[in-house]
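Please consider the assembly shown below, chain by chain. The account is intended to be read alongside the coordinates.

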Amino acid sequence: MCLAVPGRVVSIDDTSDPLTGLIDFGGVRKQVCLEYVSDVEVGEYVIVHVGFALQRLDEESALASLKLFEELGLLEEEFGDAWRQAAQQAEGSEAR
Amino acid sequence: MRYLDEFNDPELARRLLDEIRATTTRPWALMEVCGGQTHSIIRHGIDQLLPDEVELIHGPGCPVCVTPLECIDKALEIAARPDVIFCSFGDMLRVPGTDRDLFRVRGEGGDVRVVYSPLDALQLARRHPDKQVVFFAIGFETTAPANAMAVHQARRLGLANFTLLVSHVRVPPAIEAIMTAPACRVQGFLAAGHVCSVMGMAEYPELAERHGVPVVVTGFEPLDILEGIRRTVGQLERGEHRVENAYARAVRPDGNPAAIRMIEEVFEVTDRSWRGIGRIPGSGWRLNEAYRDFDAEHRFDVTGIRTEEPAECRAGEVLQGLIKPTDCAAFGTTCTPRTPLGATMVSSEGACAAYHLYRRMSEPARPREEMNPVG
Amino acid sequence: MAEQTVVDPANWSCPAPIRDQPVVVMGHGGGGALSAELIEQIFAPAYGNALLAGLTDSAVLHLGGARLALSTDSYVVRPLFFPGGCLGDLAVNGTVNDLAMSGARPAYLSAAFVLEEGVELTVVERVARAMGAAAETAGVTIATGDTKVVEAGHGDGVYVTTAGVGLVPERVDIRPQRARPGDAVIVSGPIGLHGVAVLSVREGLEFGVEIASDTAPLADLVATMLDVTPDIHVLRDPTRGGLAASLNEIARASGTGVRLAERAIPVPDAVAAACGFLGLDPLYVANEGRLVAFVPPAEAEAVLAAMRAHPQGAGAAVVGECVTEHPGMVVVATGLGGTRVVDLPLGEQLPRIC
């Protein structure tokens, strides 16, 4: 839940305990606890909630999602209504 | 890749919306159980862009709003003590207890401070050894690793003046409670992405199977929410009920094992009351035996506080999607954003507050119709 | 099945209401609904005159054949010094701007200090020097003043109250009641800089950001706009409560609606980022050197061009229009094509976690 925002790891303070690092949120910088993503490297993106990095962001997955959204549109544009109707019929027949 | 603007692209949003429209053949009621998602839906006006058949029910996903009255009253009593610095996330300050809120306690001389992170509260404890520093540890699974780390550090450092007032809640038991309630209308869930960033997805297949509902782990940007809806509606139209991950960039199937280990080190599962809803078995966390000394309820002996919530409003039914806010007799009369009866009228994302705003735009139509852009 | 149910909606209950509080809370000074109630329920009835009814930042008085604008404001900010300015800048620019929002040419200011016992004199001196410099920039004279001291622990170091007077040019009639459907809504530059700059150095929230408060005098910009046309309908400086509060006040006072286009609103990246991670809405964040203008459509282009040619209006943009629909309400067309209502904030905006 909850407000968590992506940020880029600028630096890691290896001597800190718990592990902390400086995160850049598009021009805003804040010291953040990295203890839960302790293998993160400078330049990677993490998702941060109340001062804690909760997870590393996976660029490959992000790009795959965006590509999927693009292709949704392409299928629409190429096949238009015919594709839409076919899809509806196919899905309709699968439903109970 | 900045992981923000890319997922707020109007053209891709239009494509997702087209796809949702093309797929939807009949009415479906989906619930998001996440204040952050509700916020994003309202902020971007996503609910008005969906086909009429797709209804979004804003579930009990705001940790601030579901924190029980009893716990808030305990917070108010502790915060009013002269030896205490009471630290809280900002949005807890305005939530009403029985007869006042934390703002009022501050107005009456209490040392109440807003912090960004529980570690900031820990710092305050180190800087003020003569004061008792209490952190109001509320939140869902997302916030638990942060609060767990703070108390873990306090124990390591032997800080005798730092405690947590814990009111943690867990999503899966809430979904279970919603699905087993009579007259439940929810047909699919958008699972909260950041809860799953921490906990992973292991708790959901059983829920999806037992109740026959699709559960789609969903992110927070507009495209993420639309994709969560697209996948849920797709499953419903095909008669499926699986757990899917529509937020793979931030959610791994096993979550964040280090964070889960810390939660287990510090907390234990307990029954928890949800404000406006009632007691849900196993739906919360409290500090375990090893951390009992860091539990504010024990240190300040507020265990005796018991509050009865008057059954005046029907927020619980609204949160479940059983009734519309306008079905409540108190709506807009005795209950307004200025004088809320229930949590759903307190925050701007609350279903009642949102209805109240949109109803002012053009009475007496339904919100979705009212919200269509003019021209 | 019923026995297994752990949640019985029939027995679901709800929190008790928190009714009007008998004590002052921070929200009463937040520039939102609570502030408005304080004025409407306590101050206006107590003072009882028609001038107050306008609820404007400065009153326009007829005195000795002239139209005089009068305004006063108290300044409290923590910390006293922040990126881009300090309490002293706000105390001068804030009152200068309140006068300018009625179209007046500010002339004279008074300054009253409430000092806390124990505050270093160098702090007082820095604030005073900042006020002198700001007055010079704004072209006003600080003509009189006062000083009181309160015991240690009874103040945040330094509070300043300024009052100001200025003359309103002929044919100028600027007040919120004059907003008309069709008016272009123009902001003079990027929003949210002051609020974010102050938050960035506030204890408990500190974050690094390379932006400074926008605190600046706007009287010269207003004069430039009035040179294009004296028929500017409304001016407001969106300070506490941000653009959202100002626009709601205008919509309510004039009985019109305001429709904004989200993508047209100039929000600097760093402000958007800070708001993103604190959970704030830039529309509610304070500005100290911006104005919002309601301008008749025929004059909008020329006024905008004049603003952009002025240093204080270089980032000016048309962000929306005044409409007949949804009177008293402000609505934003979101980037995705949806709409959302931007309500008057209740009190101060708080960082949120969900």
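The model is a predicted one. Is A:G21 buried or exposed? A residue is counted as buried when 20 or more other C-beta atoms lie within 10 Å of its own; A:G21 has 21 such neighbours and therefore counts as buried. Leaving aside residues up to four places away in sequence, A:G21 touches A:V9, A:S11, A:I12, A:D13, A:V32 and A:L34. A:E44, for its part, stands 23 residues from A:G21 in sequence, and the two C-alpha atoms are 12 Å apart in space.

Chain A also meets chain B. The contact involves 38 residues of chain A and 46 residues of chain B. On the chain B side, the elements that contribute two or more residues include helix 1 (10–23), helix 2 (35–44), helix 8 (144–157) and helix 12 (222–238). Helix 1 of chain B gives the most, with 7 residues. Sorted by class, this side of chain B has 23 nonpolar, 14 polar and 9 charged residues.

Within chain B, the domain assignment gives domain 1 (27–303) and domain 2 (315–362). Their C-alpha centres lie 21 Å apart, and 22 residues of domain 1 of chain B are in contact with 14 residues of domain 2 of chain B. Strand 1 (28–32), helix 2 and strand 2 (54–58) of chain B each give two or more residues to the domain 1 side. Helix 2 of chain B gives the most to that side, with 4 residues. The domain 1 side has 14 nonpolar, 6 polar and 2 charged residues.

A helix pair in chain B may be examined next. Helix 9 (residues 171–180) and helix 11 (residues 204–211) of chain B pack at an angle of about 5°, with their axes 10 Å apart. Angles under 35 degrees count as roughly parallel, and helix 9 and helix 11 of chain B are therefore described as roughly parallel to each other. Helix 9 of chain B contributes B:P172, B:I175, B:E176 and B:M179 to the contact, while helix 11 of chain B contributes B:Y204, B:L207 and B:H211. These residues divide into 5 nonpolar, 1 polar and 1 charged.

Chain C is assigned domain 1 (61–167) and domain 2 (176–342). The centres of these domains of chain C, taken over C-alpha atoms, are separated by 24 Å. Their contact takes 20 residues from domain 1 of chain C and 23 residues from domain 2 of chain C. Helix 3 (87–100), strand 5 (105–116) and helix 4 (121–138) of chain C each supply at least two residues of the domain 1 side, and helix 3 of chain C gives the most, with 7 residues.

The account ends with helix 7 of chain C, residues 242–254. At 1.5 Å a residue, its 13 residues should span 18 Å, and the end C-alpha atoms are 19 Å apart, which agrees. Of the 13 residues, 11 are buried, so helix 7 of chain C is largely enclosed by the rest of the structure. Among the buried residues are C:L243, C:L247, C:I250 and C:S254. The buried residues of helix 7 of chain C pack against strands of chain C, including strand 8 (184–187), strand 10 (234–236) and strand 11 (257–261). Helix 7 of chain C is followed by C:G255, whose phi is positive, near 70°.

Key
Residues are numbered from 1 along each chain as its sequence is written. Chains are lettered from A and ligands numbered from 1 in the order in which they are written. This is a predicted model: local features need pLDDT of at least 70, side-chain atom pairs count only at pLDDT 80 or more; totals for chains, interfaces and linings use all residues. The expected span of a helix is 1.5 Å times one less than its number of residues. A residue is buried if 20 or more other C-beta atoms lie within 10 Å of its own, exposed if 12 or fewer, and partly exposed in between; C-beta atoms are placed from the backbone. Two residues are in contact if their C-beta atoms, placed from the backbone, lie within 7 Å. Domain bounds come from an automatic or database domain assignment. Ala, Val, Leu, Ile, Met, Phe, Trp, Tyr, Cys and Pro count as nonpolar, Asp, Glu, Lys and Arg as charged, and the others, Gly among them, as polar. Axes are lines fitted to C-alpha atoms, for helices over the stretch in contact, and angles run from 0 to 180 degrees between N-to-C directions. Angles under 35 degrees count as roughly parallel, over 145 as roughly antiparallel, 65 to 115 as roughly perpendicular and the rest as oblique.
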